[in-house]
Amino acid sequence: MEALARPHSTVLVEDAGTLRPLRDIYAVVAREMPGKVLRIKRIRRAGRQAYAVRVLKPDGKRGDIVLDGATLAVIERR
């Protein structure tokens, strides 16, 4: 279980053979929907890999943002 002891910047998320550092996902989320990241799930949207991220926003409300798995572009925001 050594992976749990590593900082987020060294943890990688696999996406269709490509590894994306979590720090990249966190950076996009921080820019697009600031707050505390509660969960990151790999999902499929329109046949493509994507990341669904749940965020606790500074106002105490929950937000969800979906990022394209390859480009990390915002697909959906709720």
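The model is predicted.

**The chain as a whole**

- The chain has 78 residues, and 33% of them count as buried.
- Its accessible surface is about 5100 Å², with 54% of that area belonging to carbon and sulfur atoms.
- Among contacts in the chain with a separation of 6 or more, 29% are between residues 24 or more positions apart.

- An open sheet is formed by four strands in the order 3-4-5-6, with antiparallel pairing.
- Strand 3 (36–45) and strand 6 (74–77) are the edge strands, since each pairs on one side only.
- On average, neighbouring strands of this sheet are turned by 20 degrees against each other, direction ignored.
- Strand 4 (residues 48–56) and strand 5 run antiparallel and are joined by seven bridges.
- Ala52 stands opposite Val66, a residue in strand 5.

- Asp64 lies in strand 5, which spans residues 62–68.
- The relative accessible area of Asp64 is 11%, so Asp64 counts as buried, the cut-off being under 20%.
- Beyond its neighbours within four places in sequence, Asp64 is in contact with Met33, Val53, Arg54, Glu76, Arg77 and Arg78.
- With Arg54, the contact includes a polar one between the two side chains, at 2.9 Å.

Note on methods: Residues numbered from 1 in each chain as written. Predicted model: local features only at pLDDT ≥ 70, side-chain atom pairs only at ≥ 80, totals over all residues. Heavy atoms only, no water. Helix = DSSP H or I, 4+ residues; strand = E, 2+ residues; numbered from the N terminus. Buried < 20%, exposed > 50% of the residue type's maximum accessible area, 1.4 Å probe, protein only. Polar contact = N/O pair within 3.5 Å; in protein donor to acceptor, adjacent residues only side chain to side chain. Contact = heavy atoms within 4.5 Å. Pairing = 2+ DSSP bridges. Axes fitted to C-alpha atoms, helices over the stretch in contact; angles between N-to-C directions. Areas by Shrake-Rupley, 256 points an atom, 1.4 Å probe, with all protein chains shown as cover.
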